[in-house]
Amino acid sequence: MEVWVDKPKCTGCQHCKDVCPVGVFELMDRKEKDKVNSGDPAPENEKWEGVSDPEVVKKWKDVEDGHRHFADDNDGTSGGISVAVSGEACILCQACLIECEGECINIKDDTGAEYKSIYA
Ligand code: SF4
Ligand code: SF4
């Protein structure tokens, strides 16, 4: 299984890490660009260049749900940017796919079928 995050769309809500039963995701500091970009197989146009997607920012920046949206660092509950550091462990339970605020998680299974998150 291949898993990656479309980084400019990640709000840092941490839902992915909280629901994943096999520890695929890690929230990293947004300032550590090289580390963020080397952590999962995101294609070039989904790597982190330091700028969030304006549509996602518009939708989530003022939402008060206890998450530190778009914060640089992670405080253990939210903030930072998600990286799929252990995509090979994914069991395709799909929990993260319905919890992802930024609709930015991508999974490709061993047959090449692709799955994308839709916020439910
Ligand atoms: S679909 Fe995969 S990455 Fe997502 S929560 Fe389930 S095991 Fe984790
Ligand atoms: S659930 Fe989606 S938006 Fe939230 S931290 Fe994970 S990848 Fe980012």
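Tutor: Take Val 5, which touches Cys 10, Asp 40, Ala 42, Ser 82, Val 83, Ala 84, Cys 104 and Ile 105, leaving out residues up to four places away in sequence. Contact here means that two C-beta atoms, placed from the backbone, lie within 7 Å. This is a predicted model, in which local features need pLDDT of at least 70 and side-chain atom pairs count only at pLDDT 80 or more, while totals for chains, interfaces and linings use all residues. Residues are numbered from 1 along each chain as its sequence is written, and chains are lettered from A and ligands numbered from 1 in the order in which they are written.

Student: Which residues touch the most other members of the largest nonpolar core?

Tutor: A nonpolar core is a set of buried Ala, Val, Leu, Ile, Met, Phe, Trp, Tyr and Cys residues joined through C-beta atoms within 7 Å. Buried means that 20 or more other C-beta atoms lie within 10 Å of the residue's own; exposed means 12 or fewer, and partly exposed is in between. The largest core has 23 residues, and Val 5, Ile 81, Val 83, Ala 84 and Ile 105 touch the most other members. At least two residues of this core come from each of β1 (2-5), β2 (25-28), β3 (81-84), α4 (95-99) and β4 (105-108). Those labels are DSSP runs numbered from the N terminus: helices (H or I) of at least four residues and strands (E) of at least two.

Student: In what order do the strands of the open sheet lie?

Tutor: Strands pair if DSSP finds at least two bridges between them. Here three strands form an open sheet in the order β1-β4-β5, with antiparallel pairing. β1 and β5 (114-116) are the edge strands, each pairing on one side only. Four bridges join β1 to β4, and Val 5 has Ile 105 as its bridge partner in β4. Between β4 and β5 there are three bridges, also antiparallel, and Lys 108 stands opposite Glu 114. The hairpin of β4 and β5 has five residues between the strands, and Gly 112 there takes a positive phi near 95°.

Student: Which residues have a positive phi although they are not glycines?

Tutor: Most residues other than glycine have a negative phi, and most peptide bonds are trans. Phe 70 has a positive phi of about 65°; its place is in the loop between α3 (54-60) and β3. Glu 103 has a positive phi of about 50° and is found in the loop between α4 and β4. Phe 70 is partly exposed because 18 other C-beta atoms lie within 10 Å. Glu 103 is partly exposed too, with 16 such atoms within 10 Å.

Student: Is Ser 82 buried or exposed?

Tutor: The neighbour count decides it. Ser 82 has 31 other C-beta atoms within 10 Å, so it is buried. Its place is in strand β3, and its contacts, not counting residues up to four places away in sequence, are Val 5, Cys 10, Cys 16, Lys 17, Phe 25 and Leu 27. Ser 82 and Arg 30 are 52 residues apart in sequence and 9.2 Å apart in space, C-alpha to C-alpha.

Student: And why is Pro 43 classed as it is?

Tutor: Pro 43 is exposed because 9 other C-beta atoms lie within 10 Å. Pro 43 is found in the loop between α2 (33-38) and α3. The C-alpha atoms of Pro 43 and Gly 79, 36 residues apart along the chain, are separated by 23 Å.

Student: Which residues come nearest to each ligand?

Tutor: A residue is near a molecule if its C-beta atom, placed from the backbone, lies within 6 Å of it. Around ligand 1 there are 13 residues, of which Cys 20, Val 24, Cys 90, Cys 93 and Cys 96 come nearest. Around ligand 2 there are 15, of which Cys 10, Cys 13, Cys 16, Cys 100 and Gly 102 come nearest.

Student: How do the residues of the two shells divide by type?

Tutor: Ala, Val, Leu, Ile, Met, Phe, Trp, Tyr, Cys and Pro count as nonpolar, Asp, Glu, Lys and Arg as charged, and the others, Gly among them, as polar. The shell around ligand 1 has 12 nonpolar residues, one polar and no charged. The shell around ligand 2 has seven nonpolar, six polar and two charged.
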